[in-house]
Amino acid sequence: MKINNEDLDGVVVKNNDTYVVIDNTMLSGLVVSKTILHPEKCTGGHSHSGQEEVYHFVHGHGRMKLNENEFPVTAGDIVLIEDGVFHKVFNDSTIEDLSFVCVFDGKRNH
């Protein structure tokens with residue numbers, strides 16, 4: 001099945017002043033999640049054991065931190081997050097959202 005990023009829907013798991021997070025759980029072994037991170041906000045940052053993730057940035061620009069390594073991200077970038085690595089996303093824009101799609105195995109544990 002082909003899905004456009006704009007059409008990715010599912011269960012809203014977070015919706016607040018920082019971001020909107022929507023999990024599509026159509027697949028049995030993977031979760032495809034869309035995050036819309038609002039201007040001048042950042043994710044809480046976390047790590048989890050036993051779960052790898054792939055982030056695909058689709059709109060906007062900002063920064064990402066993996067453990068102690070911090071680097072810029074922009075639409076089109078893909079970041080591979082290994083098991084147990086701390087990760088956090090920052091939206092540096094003052095006017096536009098930073099959107100990314102996250103794919104991870106299993107169920108949400110964060």
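Buried means under 20% relative accessible area, exposed over 50%, and partly exposed in between (1.4 Å probe, protein chains only). Strands (E, at least two residues) are DSSP runs, numbered from the N terminus.

This is a predicted model: local features need pLDDT of at least 70, side-chain atom pairs count only at pLDDT 80 or more, and totals for chains, interfaces and linings use all residues. Residues are numbered from 1 along each chain as its sequence is written, and side-chain values use heavy atoms, with hydrogens and water left out.

**Exercise 1. Work out how many residues of S2 are buried, and on which faces they lie.**

Step 1. Count the residues. Six of the six residues of S2 are buried, so the strand is largely enclosed by the rest of the structure.

Step 2. Recall the rule for side chains. In a regular strand they alternate between the two faces of the sheet.

Step 3. Sort the residues. Tyr19, Val21 and Asp23 lie on one side of S2, and Val20, Ile22 and Asn24 on the other. Both faces are covered.

Step 4. Look at Asp23 in strand S2 (residues 19-24). Asp23 has 5% relative accessibility, so it counts as buried. Its side chain makes a polar contact with the side chain of Ser33, at 2.7 Å. A polar contact is a pair of N or O atoms within 3.5 Å; within protein, one must be able to donate a hydrogen and the other to accept it, and residues adjacent in sequence count only if both atoms are side-chain atoms.

**Exercise 2. Find which strands pair with S2, and how they are joined to S2.**

Step 1. Two strands pair if DSSP finds at least two bridges between them.

Step 2. Take strand S1 (residues 11-15). Four bridges join S1 to S2, and the two run antiparallel. Val12 has Ile22 as its bridge partner in S2. A hairpin of three residues links S1 to S2.

Step 3. Take S3. S2 and S3 are antiparallel, with six bridges. Val20 has Ile36 as its bridge partner in S3. Five residues lie between S2 and S3 in their hairpin.
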